[in-house]
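Please read them with the model open.

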Amino acid sequence: MKDNTKSGEALDRLTAWLQQRHDDVMSAEKQALASLKAGENDGYRQLMRHKAELLADMEQDVADLVSQLPTPLASSLGGRIGQFSRSAAMALNLDSVFYMSALLYRDDHKEGEPDNLALFITEIKNSRG
């Protein structure tokens, strides 16, 4: 029972961490879009780069929390987090602002729909029951 409690607490900490990172990413994106609207292309580029860096660093930044989960869950969630990080690293390596802006969104994404990271966080929360 104690292990389940520890596991649950670790999953709660991971979920809270992911939510905070998501909030930071969305803040950078919102600021970037405001810069673009104001005609500040350099500001837009810099903020989109910041968004991508936050996502690219996610796998490394959360590794300690993931390691506190039971192995199958750590492997599964860590793999999904790694996908977010690898996509963002690719966007940074390509230096593609378009790719950076598209991070977290499906091709058929519509404004107001949750992004892929928000869906992942919801999936984790819903798995808790």
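1. A term first: a residue counts as buried when its relative accessible area is under 20%. The model discussed here is a predicted one. Phe84 has a relative accessible area of 15%, so Phe84 falls under the 20% limit and is buried.

2. Overall make-up. The protein contains seven helices and zero strands. Along the sequence this reads as α-α-α-α-α-α-α. Taken along the principal axes, the box filled by the C-alpha atoms is roughly 55 × 30 × 20 Å.

3. Burial and surface. The protein has 129 residues, and 38% of them count as buried. Its accessible surface comes to about 7,900 Å². Carbon and sulfur atoms account for 50% of that surface.

4. Contacts along the chain. Consider the contacts between residues at least 6 apart in sequence: 69% of these join residues at least 24 apart.

5. Surroundings of Phe84. This residue lies in helix H5, which covers residues 71-94. Leaving aside residues up to four places away in sequence, Phe84 touches Leu55, Met58, Leu104, Asn116, Leu117 and Phe120.

6. Is Ser35 buried or exposed? With a relative accessible area of 9%, Ser35 is buried, because that value is under 20%. Ser35 is found in helix H1. Not counting residues up to four places away in sequence, Ser35 touches Glu40, Gly43, Tyr44 and Leu47.

7. The largest pocket. Its volume is about 290 Å³. The lining consists of Glu29, Leu33, Met48, Phe98, Ser101, Ala102, Tyr105, Arg106, Asp107, His109, Glu111 and Gly112. Which helices each supply at least two residues of this lining? They are helix H1 (2-37) and helix H6 (97-102). The largest share, three residues, comes from H6.

8. Charges. There are 15 positive side chains and 20 negative ones in the protein. The centres of the two sets lie 3 Å apart.

Terms used. Residues numbered from 1 in each chain as written. Predicted model: local features only at pLDDT ≥ 70, side-chain atom pairs only at ≥ 80, totals over all residues. Heavy atoms only, no water. Helix = DSSP H or I, 4+ residues; strand = E, 2+ residues; numbered from the N terminus. Buried < 20%, exposed > 50% of the residue type's maximum accessible area, 1.4 Å probe, protein only. Contact = heavy atoms within 4.5 Å. Areas by Shrake-Rupley, 256 points an atom, 1.4 Å probe, with all protein chains shown as cover. Lys, Arg positive; Asp, Glu negative; His and termini not counted. Charge placed at Lys NZ, Arg CZ, Asp CG, Glu CD. 1 Å grid on protein atoms, 1.4 Å probe; cavity = no way out; pocket = protein on both sides within 12 Å on 5 of 7 lines; lining within 4 Å. Points joined across faces, edges and corners; volume = space filled by probe spheres on them.
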